Amino acid sequence: RIKPTSSSQPRIGILMGCTPDSATGELCQLGANLWQCYAQQHGYHFIFDSNPFPAHPRKFRFQGGTPKGLSRALDAEFGEEAVDFLLAEPYALELGSDGATFKWWQRWYAARRHLPAFDVLLVVDPDTAVFPSCMGTELPTALELPRSSDVEDLPGVITRDPRDGEDLNGGVFALTGSPWGLLFLDLLLARSRWPIDVAGGG
């Protein structure tokens, strides 16, 4: 782990993931410029990740077989054999759709690569931006993070609550380098191996 530059300032990164095909498009370029401006103003690291998304997603935690006792750990009401789908190729690979390419999962694979280098990593979509009146607000203040240098004291995942009748939107997510943040990403990426109608588009 890369330690913060001082005892009072966490190491903060802002990550925007675009696929190789979309990275040079107007939307990704505009979004990257806006977030880069915010990052530079506050001394944060800005990461524009355009690595190819995996055609066949990899699992970080469940490689080598489904862990014994997984269904019990998930408090699931089914037997151990019912979680074998975590090892199977998803049905979406047989479909001619965006879901078959898993391109919307690219940002989460990028987050898993970069998170170990930071105490806080803000994952943003290119169609999001900082409201002008908030440009001067530091990220820890906006997220109401505790004034502590110990990453263990930070919550694992920070996002806004969905409104009534609305699903959770992944356009802006804050992850921390705490064990809970890393566990969240590992479990989320394991979900990318589920059937697309269960896993979602990422």
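**Exercise 1. In what order do the elements of the protein run from the N terminus on?**

Solution. This is a predicted model, in which local features need pLDDT of at least 70, side-chain atom pairs count only at pLDDT 80 or more, and totals for chains, interfaces and linings use all residues. Residues are numbered from 1 along each chain as its sequence is written, and side-chain values use heavy atoms, without hydrogens and water.

Step 1. Assign the elements. Helices (H or I, at least four residues) and strands (E, at least two) are DSSP runs, numbered from the N terminus.
Step 2. Count them. There are seven helices and five strands.
Step 3. Read off the order. It is β-α-β-α-α-α-β-α-β-β-α-α.

**Exercise 2. Find what share of the residues is buried, and what share of the contacts joins residues at least 24 apart.**

Solution. Step 1. Set the classes. Buried means under 20% relative accessible area, exposed over 50%, and partly exposed in between (1.4 Å probe, protein chains only). Of the 202 residues, 39% are buried.
Step 1. Take contacts between residues at least 6 apart in sequence; 73% of them join residues at least 24 apart.

**Exercise 3. Locate the salt bridges and state which elements each one links.**

Solution. Step 1. Apply the criterion: a side-chain nitrogen of Lys or Arg within 4 Å of a carboxyl oxygen of Asp or Glu.
Step 1. Take D49 and R113. Their side chains meet at 2.9 Å, N to O. D49 sits in strand β2 (residues 45-49) and R113 in helix α4 (residues 106-114), so this pair ties together parts 64 residues apart in sequence. D49 is buried at 4% relative accessible area. R113 is partly exposed at 43%.
Step 2. Take R107 and D125. The closest N and O atoms are 2.7 Å apart. R107 belongs to helix α4, while D125 is in the loop between β3 (120-124) and α5 (139-142), 18 residues apart. R107 is buried at 13%. D125 is buried at 18%.
Step 3. Take R112 and D186. Their salt bridge spans 2.8 Å, N to O. R112 is in helix α4 and D186 in helix α6 (residues 179-191), so parts 74 residues apart in sequence are tied together. Both residues are buried.

**Exercise 4. Describe how α4 packs against α6.**

Solution. Step 1. Two packed helices are described by the angle between their axes and the distance between the axes. Axes are lines fitted to C-alpha atoms, for helices over the stretch in contact; angles run from 0 to 180 degrees between N-to-C directions.
Step 1. Read the geometry. The axes of α4 and α6 come within 10 Å and cross at roughly 145 degrees.
Step 2. List the contact residues. α4 supplies W108, Y109, A111 and R112; α6 supplies L182, L185, D186, L188 and L189.
Step 3. Look at burial in α6. G181, L182, L185, D186, L188, L189 and A190 are buried. Their cover includes α4 and β5 (172-176).

Definitions and conventions: Contact means heavy atoms within 4.5 Å.
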